[in-house]
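Keep the viewer open and follow along.

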Amino acid sequence: MGGLFDFMLPELESPMTGASTDAVMGFIHLVSFILLIGITIALIYFAIKYKRKSEDDETPLITHNNTLEITWSVIPLILVFIVFGWGYKGWLTLQSPPDDAYEIHVSAFKWGWTFGYDTGAQVSNEVHVPAGRPVKLVMQSEDVIHSFYVPDYRIKQDVLPSRYTSVWFQAEEPGESQVFCTEYCGTSHSDMLAKVIVHEPEDFKIWLAKQGSGGGTPIERGENLVGIHGCTSCHSIDGSDKIGPTLKGLFGKEEQLADGATITVDENYIRESILEPKAKIVAGFENQVMTSFEGRVSDEEISDIIEYIKTLE
Amino acid sequence: MADAEVSNVKTLQVKRFKPSENPKSTFFSEEKGLWAWMTTVDHKKIGLMYLGSVALFFLLGGALALLLRTELLTPAKTFIEADTYNQFFTLHGAIMVFFVLIPSIPAALGNFVLPMQLGAKDVAFPRLNLASFYIYVVGAIFTFIALANNGLDTGWTFYTPYSTGSTSSVVWVTLGVFILGFSSILTGTNFITTVHKLRAPGITWGKLPLNIWALYATSIIQVLATPVLAITVLLLTMERTLGIGIFDPALGGDPVLFQHFFWFYSHPAVYIMIVPGFGIISEVITAFSKKHIFGYWAIALSSLAIAFIGFLVWGHHMFTSGQSAVATTIFSFLTFLVGIPTGIKILNWVATLYKGSIEMKTPMLYVFMFLFLFSIGGFTGIMLGSLSADIHLHDTYYVVAHFHYVMMGGTLIALLAGLHYWWPKMTGKMYNETQGKIAAFLIFVGFNMTFLPQFIMGSQGMPRRYYNYIDQFTPFHQTSTIGSYVLGVGFLLIAYYLFRSIFSDERAPSNPWNSRGLEWQSTSPPDLHNFDHTPVVIHGPYDYHKPMEEFQLGLAASHNGHGGHGHGESVEVTTETEKA
């Protein structure tokens, strides 16, 4: 129903979550369109037919008509009950992930996404999933509220700090779908994008195996952590200043602080800046807020990050 | 019982007072000068001061909108930085909601028209009325301080914990909104009292103009809902300045609680904005079709129904927020119920046109635009109330388009209808009708060109509040931006011809539309005390089948001490009216 309005929607890639949504949207658009045309025709017809002929025109006294009032209250009431029930049914499906769903952990932060797998593998801004299997995302935010939205799947769920929320979908065919953050979260809100990459189940297994479990040398681990925690969305590694100072050539550099003091960047300064970002702010960045990573990165991880920063000369 | 009934009927000696077409004194000619205006307790002057302030804020909010649209011409940076863009959309929203839409119809047009439609000399508490204007000014000053000092980047919704951590001037703006709220509460209290106590003899509840019913319903919402906003922004201020954890999880608070508090006010606030618009539509559509309103009680009571059900639907802003499933279900259901009285109104207005004598003057053009645009706003509201559809559409441009169709296509277009309708009464001058029609056409075309593409791109997944966007949305954004320029030209044209009319020599007649409304039975512009007699009302405000002279009655014996002689022939009519 309502094929007339299909052009408004992107291609549906997860029929299990989206088919009912598309159907109810098509129905509402179609009925609304018919009613709107009716109202518009009535308006134009009356305006022409009953155009004022002279200032002395007399009009009949029509004060009300109870039959009409009841008719145009009850018919819309029935229509909205249909729409309520239909929307409710589709929404129940969205709320009920199948028991055999493959679970992936999602961590949202300003401004990026990290996806964690049961093997220990972590990837940022790309979530790889198998085709033809329900996938459930268990999500949490590290700072402010974000929202996980995949238009192709017709799913959206806010991601909150200190609380888990979840969302599910089942992509039927291999391919890519766009992920948007849809809860305003600051400067780079519109760059907080990700992709869902759907593999054939076999290819997915191969891909997952290749990710390992987050091992490697300290420098490799550090590079991975800097990506996962989204450090580079504010701190570039190419020497340009973004929201915060660049990481390139940072280690050993003399920095002018906002309070006028100077400091040489060493291990302790980097550690302090990660755990207590407001303690010593570099001049020129007074108005930016960085959230503390206290409790989110371990001492070993901080050491790995420092090793990686040292390589950015 | 019989005695009580007898004492309810009063016999009044009335005579006809025909408004002079060439008044010797008006509220402009009395109490002149800057100081007199600034200290005035005259509801008409206060209404005009509100109108001027609202127009200034609209200019500011509109300019911000055009800057935003210009930035969105290209997917990446066009001419401003992301942080600037975020500040602009925040200020555009906050200014348009708190400083334009909420005060526009009630405080500006309502202040001018409400006492006149009741046949009163002023509102019940004239000094309080002036106080609420100055409170509005103080609230505005706080916002300007914020603008000059770091701006605001939280979105007009101030969602926590983003607003708790933001380095912009959140506290200045929340305090500004807190102060502004009192202005709204005091105006609401004033109007409720005025409607109850100051109706002229003969104006029973069944003879109240529908504009009064709408303003009455609005005032109830203002008085009941605004304190909750005050509490919310105060709690937010306490959290930011004193570190008391209420909404920020880092301090042990709950960010979703903030959303509940915020929308508990801000959803009813949507009705504070739109219900007064309904009132204007009822007045204008009857005057320009010379016809009795169809379904007086259906329209009057549906305003009250909207006001009350409107309190119970705030959770429909939070379907994706993580609120409980039961709450989500109930809020969706109630949301549909609020759609019904709105639909009833639209159909009653269309039915009013049937067998009317329709004249397509500028105010009526805006009424037709309203009926078309607001219907689209309403239908897409049904879409967004539907749970599964809302999950897909929430926080996309579909929502942006929806609320612009309701707030701009509804409230603002109704405001333009009312402004053009009452302009000759307010200023005593007539604007250029041809230019008025051209501007209405530009606004209609520009508006649809701006916002129709937003429904499509929103449905295809374009999120709102995005500085950058992916390439596939470019054609929609560009069409929308060009449309917004057309819209801007339309508004400039209105500003031009209205401004010019003030300085023209041509006087507007006292009742250019032959309206039966009581406010038109005064001179244009009105006397300082509105009428130089006490009006007596024997017919309803839409009784277009009754002769005009029966709408021009006043007490024969002067009680008000402002010259009881009146103008024109004096008709000695003894007539029975119910006691007001």
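His394(B) touches Lys156(A), along with His317(B), Thr320(B) and Val399(B), once residues up to four places away in sequence are set aside. Keep in mind that this is a predicted model.

**Around His394(B)**

- You'll find His394(B) in the loop between helix H13 (387-393) and helix H14 (397-427) of chain B.
- His394(B) counts as buried because its relative accessibility is 10%, and the cut-off for buried is under 20%.
- The side chains of His394(B) and Asp395(B) make a polar contact at 3.4 Å.

**Ser183(B), inside a helix**

- Helix H7 (residues 170-197) of chain B is where Ser183(B) sits.
- Is Ser183(B) buried or exposed? With a relative accessibility of 5%, Ser183(B) counts as buried.
- The side chain of Ser183(B) has a polar contact of 3.3 Å with the side chain of Tyr50(B).
- Not counting residues up to four places away in sequence, Ser183(B) touches Tyr50(B), Ser132(B), Ile135(B) and Tyr136(B).

- Look for Thr26(B) in the loop between strand E1 (9-16) and helix H2 (34-38) of chain B.
- Thr26(B) is another buried residue, at 7% relative accessible area.
- How many residues apart in sequence are Thr26(B) and Thr523(B)? They are 497 residues apart in sequence, yet 7.9 Å apart in space, going from C-alpha to C-alpha.
- Beyond its neighbours within four places in sequence, Thr26(B) is in contact with Arg507(B), Pro525(B), Pro526(B), Asp527(B) and Leu528(B).

**Leu275(A), over in chain A**

- Leu275(A) belongs to helix H5 (residues 267-275) of chain A.
- At 14% relative accessibility, Leu275(A) counts as buried.
- Leu275(A) and Thr291(A) are 16 residues apart along the chain, with 8.6 Å between their C-alpha atoms.
- Leaving out residues up to four places away in sequence, Leu275(A) touches Ser292(A), Phe293(A), Glu294(A) and Ile302(A).

**The nonpolar cores**

- The largest nonpolar core holds 241 residues, and those with the most contacts inside it are Trp113(A), Phe115(A), Tyr117(A), Phe148(A), Phe98(B) and Phe370(B).
- Helix H4 (residues 82-117) of chain B gives the largest share of this core, 22 residues.
- At least three residues of this core come from each of domain 1 (2-48 + 63-94) and domain 2 (102-211) of chain A.
- Phe115(A) has a list of contacts beyond its neighbours within four places in sequence, including Ile104(A), His105(A), Val123(A), Phe148(A) and Ala194(A).
- There is also a second, separate core of 21 residues, with Val226(A), Leu257(A), Ile263(A) and Ile270(A) among them.

**Rings, and charges over rings**

- Over all chains, the structure holds 72 aromatic pairs.
- One of these is the edge-to-face pair of Phe264(B) and Trp314(B), with 5.1 Å centre to centre and 65 degrees between the planes.
- This pair links distant parts of the chain, 50 residues apart: Phe264(B) is in helix H9 (residues 255-287) of chain B, and Trp314(B) is in the loop between helix H10 (296-309) and helix H11 (325-353) of chain B.
- Phe264(B) counts as partly exposed at 26% relative accessibility, whereas Trp314(B) is buried, with a relative accessible area of 17%.
- Ring pairs also link Phe98(B), Trp156(B), Tyr159(B), Phe247(B), Phe258(B), Phe261(B), Phe262(B) and Trp263(B) into a cluster.
- Lys45(B) lies over the face of Trp37(B), 5.5 Å from the ring centre.
- Likewise, Arg199(B) lies over the face of Trp205(B), 4.7 Å from the ring centre.

**How chain A divides up**

Conventions
Residues are numbered from 1 along each chain as its sequence is written. Chains are lettered from A and ligands numbered from 1 in the order in which they are written. This is a predicted model: local features need pLDDT of at least 70, side-chain atom pairs count only at pLDDT 80 or more; totals for chains, interfaces and linings use all residues. Side-chain values use heavy atoms; hydrogens and water are left out. A nonpolar core is a set of buried Ala, Val, Leu, Ile, Met, Phe, Trp, Tyr and Cys residues joined through side-chain atoms within 4.5 Å. Buried means under 20% relative accessible area, exposed over 50%, partly exposed in between (1.4 Å probe, protein chains only). Helices (H or I, at least four residues) and strands (E, at least two) are DSSP runs, numbered from the N terminus. Domain bounds come from an automatic or database domain assignment. Contact means heavy atoms within 4.5 Å. Rings of Phe, Tyr and Trp (its six-membered ring) pair if their centres lie within 6.5 Å; planes under 30 degrees apart count as stacked, over 60 as edge-to-face and the rest as tilted. A charge sits over a ring if NZ of Lys or CZ of Arg is within 6 Å of the ring centre and within 35 degrees of the ring normal. A polar contact is a pair of N or O atoms within 3.5 Å; within protein, one must be able to donate a hydrogen and the other to accept it, and residues adjacent in sequence count only if both atoms are side-chain atoms.
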